[in-house]
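Visitor: I have a new model open and would like to learn how to read it. Could you walk me through it?

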Amino acid sequence: MSAAASAVQAYRQVGQQGLSVNRRVLLGLEGILEYIRRARLAMEQGDLLAKAAAMDKAYQLTAHLLASVDLEHGGEIAVNLERLYRFLMERLALANIFDDVDHLDACTPVVQDLRDAWRGLLERG
């Protein structure tokens, strides 16, 4: 099974647990931030196993969010989200390959902004 197919399957399983789409997105974004934090710490400590695990989780969560983008019905917002998620996946991959925290640091404000926007959406109901 491809990574994209796995992401879609996992996303659907979470969806069957009764959480709204917006809540799942928010949880995914919060998870990405946490795994970026863990990966950065592992890089600083030279812990390759912890780095690999954290990077894998951050990448998987981003892939899940990318797989959930509805380009057919989502209009300009969906196109922009797809671009942001692809940017994040590229930076996460570069950070992992080159052990470069600068690539992780480029992800953090993007994910924080997305998280804050989704949180605001949930708070407005």
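Visitor: What share of the residues in the chain is buried?

Guide: In this predicted model, 33% of the chain's 125 residues are buried.

Visitor: And how many helices and strands are there?

Guide: The chain has five helices and zero strands, so the pattern along the sequence reads α-α-α-α-α. Of the contacts with a separation of 6 or more, 61% join residues 24 or more positions apart.

Visitor: How do I describe two packed helices?

Guide: The general idea is to give the angle between their axes and the distance between the axes. Take helix H3 (residues 48-68) and helix H4 (residues 75-98): their axes come within 9 Å and cross at roughly 165°. Angles over 145 degrees count as roughly antiparallel, and that makes H3 roughly antiparallel to H4. The crossing of H3 past H4 is left-handed.

Visitor: Which residues make the contact?

Guide: On H3 they include Lys51, Met55, Ala58 and Tyr59, and on H4 they include Tyr85, Leu88, Met89 and Asn96. Sorted by class, the contact of H3 with H4 has twelve nonpolar, two polar and three charged residues.

Visitor: Let me pick Lys51 from helix H3. Is Lys51 buried or exposed?

Guide: Compare its relative accessible area with the cut-off: under 20% is buried. Lys51 has 7%, so Lys51 is buried.

Visitor: What does the side chain of Lys51 join in a polar contact?

Guide: The side chain of Asp99, at 2.5 Å. Leaving aside residues up to four places away in sequence, Lys51 touches Ala39, Ala42, Met43, Asn96 and Asp99.

Key:
Residues are numbered from 1 along each chain as its sequence is written. This is a predicted model: local features need pLDDT of at least 70, side-chain atom pairs count only at pLDDT 80 or more; totals for chains, interfaces and linings use all residues. Side-chain values use heavy atoms; hydrogens and water are left out. Axes are lines fitted to C-alpha atoms, for helices over the stretch in contact, and angles run from 0 to 180 degrees between N-to-C directions. Helices (H or I, at least four residues) and strands (E, at least two) are DSSP runs, numbered from the N terminus. Angles under 35 degrees count as roughly parallel, over 145 as roughly antiparallel, 65 to 115 as roughly perpendicular and the rest as oblique. A crossing is left-handed if the near helix is turned anticlockwise from the far one by less than a right angle, and right-handed if clockwise. Contact means heavy atoms within 4.5 Å. Ala, Val, Leu, Ile, Met, Phe, Trp, Tyr, Cys and Pro count as nonpolar, Asp, Glu, Lys and Arg as charged, and the others, Gly among them, as polar. Buried means under 20% relative accessible area, exposed over 50%, partly exposed in between (1.4 Å probe, protein chains only). A polar contact is a pair of N or O atoms within 3.5 Å; within protein, one must be able to donate a hydrogen and the other to accept it, and residues adjacent in sequence count only if both atoms are side-chain atoms.
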